[in-house]
Amino acid sequence: MATGKLLLVAGGAAGGKGPSNQHGSAGGGAGGYVYNAAFTFTAGDYTVAIGAGAPQNTTESTQGASGSNTTFTGATSATGGGGGGASNSGTVVDGVNGGSGGGAAYYTASGVAGTGSQGNSGGTAISLYAGGGGGGSAV
């Protein structure tokens, strides 16, 4: 056995998309962050899956896709970022929680929470046309 540092970062999310440059869209959250300064490694094979960032959102009035998780055998996985919200003439599609939460797309909504200590909440929209930013990284 050996002790070493382990860092996992998941994929970031896409932002929401409002209709044809009208009404608010919000940013997607950053991928979750997990750090272990004293991870115990044992002899053997490990499986690693690196979480991809979400593709650009091209469908109007929909929330952005969330990022993919990053996993490492024997360790807690890092959660992908939550997609950003979108709005269309007052109809609100909320952001998604994730490693860091997606932002709010409409001024009556708040950004959604991140996952535990992996990230931060998404931002609150400030007007009908200005969505909140996605939650930032835990570091």
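These are my notebook entries on a predicted model of one protein chain.

**Ground rules.** Residues are numbered from 1 along each chain as its sequence is written. In this predicted model, local features need pLDDT of at least 70 and side-chain atom pairs count only at pLDDT 80 or more, while totals for chains, interfaces and linings use all residues; side-chain values use heavy atoms, without hydrogens or water.

**Overall layout.** I looked up the secondary structure and found zero helices and six strands. Helices (H or I, at least four residues) and strands (E, at least two) are DSSP runs, numbered from the N terminus. I noted a box of roughly 60 × 25 × 15 Å for the C-alpha atoms, taken along the principal axes. Of the 139 residues, 38% count as buried. Buried means under 20% relative accessible area, exposed over 50%, and partly exposed in between (1.4 Å probe, protein chains only).

**Core.** I then checked the largest nonpolar core. Its seven residues are Leu6, Leu8, Ala10, Val34, Phe39, Phe72 and Ala78. Strand E1 (2–9) and strand E2 (33–41) are the elements that give two or more residues to this core. Such a core is a set of buried Ala, Val, Leu, Ile, Met, Phe, Trp, Tyr and Cys residues joined through side-chain atoms within 4.5 Å.

**Aromatic rings.** I counted five aromatic pairs in the structure. The ring centres of Phe41 and Phe72 are 6.1 Å apart and the planes stand at 80°, so I logged this pair as edge-to-face. Phe41 is in strand E2 and Phe72 in strand E4 (residues 71–72), so the pair ties together parts 31 residues apart in sequence. Phe72 is buried at 12% relative accessible area. Tyr46 and Phe72 form a stacked pair, with 5.1 Å centre to centre and 15° between the planes. Tyr46 sits in the loop between E2 and strand E3 (48–49), 26 residues from Phe72. Tyr46 is partly exposed at 30%, and so is Phe41 at 23%. Phe39, Phe41, Tyr46 and Phe72 form one aromatic cluster. Rings of Phe, Tyr and Trp (its six-membered ring) pair if their centres lie within 6.5 Å; planes under 30 degrees apart are stacked, over 60 edge-to-face, and the rest tilted.

**Val112.** I ended in the segment after strand E6 (91–93), where Val112 is found. The C-alpha atoms of Val112 and Gly122 are separated by 5.4 Å, though these residues are 10 apart along the chain. Leaving out residues up to four places away in sequence, Val112 touches Gly95, Val96, Asn97, Gly101, Gly102, Ser121 and Gly122. Contact means heavy atoms within 4.5 Å.
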